[in-house]
Amino acid sequence: MPERRRSATTAERLGRMLVIVPYLVQHPGTSLASAAEIFGVPREQLRRDLDLLFMSGLPPYGPGDLIDVDVDEDGGVWISMADHFARPLRLTRPEALAVYLRATELLATPGIPDAPALASALAKLRDALGPDTLGDAAGIEGAVTGSAPEHLDALRAAAAGLGRIRIDYTAASTGERSVREVEPEAVFASAGHWYVVAWDVAADGERLFRADRVSAVEETGDRFAPRGLEGAGRQLYTPRDQDLAVRLLLRPAARWVAEYYVTDDVVTRPDGTVEATLPARQTGWIAKLLLRLGPDADVLDPPELRAEISQIAAAALDRYSG
Amino acid sequence: MEPLERLLNLVGLLLETEHPMTFDEIRRTLPAYGGDNLDSAKRKFERDKDILREYGVPLEMAATDVWDVEQGYTISKDRYYLPEIAFTPEEVTALFVAAQSASEETVAARGVRKLLYGAEGGVLAGAESGPLVAGSDTRSARVLAAADAASARRRVRFGYRTSQGAVSDRVVDAYGVVFRGGHWYLVGLDEERDAVRAFRLSRYTTELEDVGEGSAPPEGFRAIDHVEAGPWQLSADDRALIASAPGTVVLVESTFPGVVRERTREDGWIVLAIPAADEQALAAMLLQFGADVEALEPPTLRDEVIRRLEASVHA
């Protein structure tokens, strides 16, 4: 397989050059460093590829026919004699569709920055590429659900400016509301919700907050040094060793629980019911979830959880007795 | 000579040539394919052709002259070059940020890089803000396959598990893909049921298989109309009133899109209006707030909540 591997690398480098060279031709003097960053290539690799470009050109390949690449003392790149590479290769159909899908997903997430610019860019892209590349893109749609969290901009500003803030937060797992000092590092959307990854100062640990459950943001005036907490792409729930394991039996109408929450050991029984284990730091929210599911789910373990459900139901029923 | 250099020369040559070139002509012009061993040069050329096609370079074969005696290679400029698109710097930046992903390299990112060459100024402010959306990355190959099928009007087959857990094979004429509430759906005509259905991509039990040409959707079809918003589906007519403990109101608001605060009760609880079409589903969801939420109106909703609570107390 070494032969295949080598050709794959060459293909990647070619694909990259057919895109980077037009950029450098249109933006003379771009620094090697910024080109490397924009196109996601290690600087050394880009330098090597540009050195090869220097030896290519058009027939008869005399000194006056070769592409001229000059990297000046400030690292600026100047390319000439490359008119045939002054414009990039068209987007392939998968590339065009992937851009379209991603932008559609973002535009359906309320609170996205620069939404109007993204929407107009998408329209221009569709018009320019046309049905040859995109097919009938009219069928790709996003539905905007809900509205942007009230304090999203303040959270974003704090993360961008590395400012420590005080937030009023309601945790879904405990239902408790508290004021915490946090150092927010990243704000991202996942499955339709916005999240803030932050260092919780009092807890001295990393925490993930849902932006729509933050009911107040106040600047403390302090700045912080970022710890490099992981943003988009992270697991939304990180199971820990000391987690409780709640084993549930889910009937078909409650099967969504196994999809929606982080679950382990999911077993489908012959009758179509599902057994699944939910890791949790406390059982309170699971008891309420089971109250919601009613006859569609049963607790297999721990048995004490059944009494907890009855107690919550009795307390709730009290509200209606007056 | 490095293969990359040879490939760059080949692309340049075939883009600039005025007539399609036979392999012999290419071999005479490009020293990289020269040498005594014709077979090895041919093999090299075949490999290079594959690489060009892999990257979407539109390499074509055409007659070298009007008598159609010989076939030669050429790259059509029209099909090779990206058309001019006058993006503003804000638009290019928005696309660039949108395509960024937590994972290393995505198809979308590769596509957007091709669009950057026209960016005025070139330097992208805001590009360092990091990826914005996670979540659909793991399924992006499937979303792409669904969008591909829908935009080309294909018929596809796949295994599907309903929310109730029933698994079956579906054959669907793909009409559209819709992102709603954090999920992607394929919307299309379910052949067996002869009705338009929406299929959540995370519930597929197999990959999509292309089984031929599909039908066209009816005039005025909107895929988005076929994906339900959820049990609390927005509706202009139906409104439920509930009361929430002050500490829980943020959770309630983050659960129900479109909820409106009406007033604060004497006991400090907050009365909220929820657009709701399905009483059963809403009653169930309210139970998830335990004793911190009370259903007020309509009376049927209140009764349903009470009925469910009584059943759970005695369970």
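**Figure 1. Packing of helix α4 of chain A against helix α6 of chain B.** In this predicted model, the axes of α4(A) and α6(B) lie 7 Å apart and the two helices pack at an angle of about 100°. α4(A) is therefore roughly perpendicular to α6(B). On the chain A side, the residues that meet α6(B) are Pro94(A), Glu95(A), Ala96(A), Ala98(A), Val99(A) and Arg102(A). On the chain B side, Val107(B), Ala108(B), Arg110(B), Gly111(B) and Val112(B) meet α4(A). Sorted by type, the residues of this contact are seven nonpolar, one polar and three charged.

Figure 2. The buried residues are Glu91(B), Val92(B), Thr93(B), Ala94(B), Leu95(B), Phe96(B), Val97(B), Ala98(B) and Ala99(B). Their cover includes elements of both chains: α4 (93–107) and α5 (115–134) of chain A, and α6 (107–115) of chain B. For chain B as a whole, 41% of the 315 residues count as buried.

**Figure 3. The side of chain B that touches chain A.** Contacts between the chains involve 103 residues of chain B and 105 residues of chain A. Helix α1 of chain B (residues 3–16) supplies the largest share of the chain B side, with 10 residues. By type, the chain B side consists of 57 nonpolar, 26 polar and 20 charged residues.

**Figure 4. Strand pairing between the chains.** Strand β4 of chain A (residues 140–143) pairs with strand β5 of chain B (residues 167–180). The pairing is in the parallel sense and runs over four bridges. Within this pair, Val178(B) in β5(B) is the residue opposite Glu141(A).

**Figure 5. An open sheet of four strands in chain B.** The strands follow the order β10-β11-β9-β12, and their pairing is antiparallel. At the edges stand β10 (260–264) and β12 (293–297) of chain B; each has a single partner strand, so one side of each has no neighbour in the sheet. On average, neighbouring strands of the sheet are turned by 30° against each other, direction ignored. The partner of β10(B) shown here is β11 of chain B (residues 270–275), with four bridges between the two in the antiparallel sense. Leu272(B), in β11(B), is the bridge partner of Arg261(B).

Figure 6. Helix α9 of chain B (residues 279–287) lies across β9 (239–244), β11 and β12 of chain B. The angle of α9(B) to β12(B) is about 150°. Helix α10 of chain B (residues 299–313) lies across β9 and β12 of chain B. The angle of α10(B) to β12(B) is about 145°.

**Figure 7. Domains and overall make-up of chain B.** Chain B is divided into domain 1 (3–80), domain 2 (89–129), domain 3 (137–226) and domain 4 (239–313). Between the C-alpha centres of domain 1 and domain 4 of chain B the distance is 70 Å. The secondary structure of the chain comprises 10 helices and 12 strands. Among contacts in chain B with a separation of 6 or more, 59% join residues 24 or more positions apart.

Terms used. Residues are numbered from 1 along each chain as its sequence is written. Chains are lettered from A and ligands numbered from 1 in the order in which they are written. This is a predicted model: local features need pLDDT of at least 70, side-chain atom pairs count only at pLDDT 80 or more; totals for chains, interfaces and linings use all residues. Two residues are in contact if their C-beta atoms, placed from the backbone, lie within 7 Å. Ala, Val, Leu, Ile, Met, Phe, Trp, Tyr, Cys and Pro count as nonpolar, Asp, Glu, Lys and Arg as charged, and the others, Gly among them, as polar. Two strands pair if DSSP finds at least two bridges between them. A residue is buried if 20 or more other C-beta atoms lie within 10 Å of its own, exposed if 12 or fewer, and partly exposed in between; C-beta atoms are placed from the backbone. Domain bounds come from an automatic or database domain assignment. Axes are lines fitted to C-alpha atoms, for helices over the stretch in contact, and angles run from 0 to 180 degrees between N-to-C directions. Angles under 35 degrees count as roughly parallel, over 145 as roughly antiparallel, 65 to 115 as roughly perpendicular and the rest as oblique.
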